[in-house]
Amino acid sequence: MTEQFTPGAATCPNCGAAYLKDQAWKRVCLTCYLKAKGKPAPTTRTAPAVTPIDPAMLRRLVQLCHPDRHNNSEASNTATRYLLALKAAHGPP
Ligand SMILES: [Zn+2]
């Protein structure tokens, strides 16, 4: 049996959710598939590991990028703003 298969959006017959049927064997959405297999639904994706920036290095980068050292150039202002935002996001060490 050679059934022509075209990948595309499909509707899950179990829960009615839209899912991407990119393989001929995918008959239900991922959530229903995992439920049928007795596995937890992928409600929380595994966040990529973010290595916290070393505060000392951040301080050094701010010093190196500071507009005072670069004739107040647009690039240094942008870089410094970014680094200071990072610093603020990380909070006090
Ligand atoms: Zn479903």
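The structure is a predicted model, in which local features need pLDDT of at least 70 and side-chain atom pairs count only at pLDDT 80 or more, whereas totals for chains, interfaces and linings use all residues. Residues are numbered from 1 along each chain as its sequence is written.

The secondary structure comes to three helices and two strands, where helices (H or I, at least four residues) and strands (E, at least two) are DSSP runs numbered from the N terminus. Read along the sequence, these elements follow the pattern β-β-α-α-α. Of the 93 residues of the protein, 4% count as buried; a residue is called buried if 20 or more other C-beta atoms lie within 10 Å of its own, exposed if 12 or fewer, and partly exposed in between, with the C-beta atoms placed from the backbone. Of the contacts with a separation of 6 or more, 14% are accounted for by residues 24 or more positions apart, a contact being a pair of residues whose C-beta atoms, placed from the backbone, lie within 7 Å.

Strand 1, residues 8-11, and strand 2, residues 18-21, pair in the antiparallel sense over four bridges, and two strands are said to pair if DSSP finds at least two bridges between them. One of the residues in this pairing is A10, whose bridge partner in strand 2 is Y19. Together the strands form a hairpin with six residues between them, and G16 in the turn has a positive phi of about 80°.

The next region to look at is the loop between helix 2 (55-65) and helix 3, where N71 is found and where N72 and P67 are also placed. Phi of N71 is near 50°, a positive value in a residue other than glycine, and phi of N72, likewise positive in a residue other than glycine, is near 55°. N71 counts as exposed because 7 other C-beta atoms lie within 10 Å, and N72 is exposed because its number of other C-beta atoms within 10 Å is 10. P67, by contrast, is partly exposed, since it has 16 other C-beta atoms within 10 Å. Leaving aside its neighbours within four places in sequence, P67 is in contact with N72, S73, S76, N77 and T80. With one of these residues, N77, P67 has a C-alpha to C-alpha distance of 5.6 Å, although the two are 10 residues apart in sequence.

Helix 3 spans residues 74-90 and includes L86. With 13 other C-beta atoms within 10 Å, L86 is therefore partly exposed. Once its neighbours within four places in sequence are left aside, L86 is in contact with I53 and L58. L86 and L58 are 28 residues apart in sequence, and their C-alpha atoms are 8.4 Å apart in space.

Key
Two residues are in contact if their C-beta atoms, placed from the backbone, lie within 7 Å.
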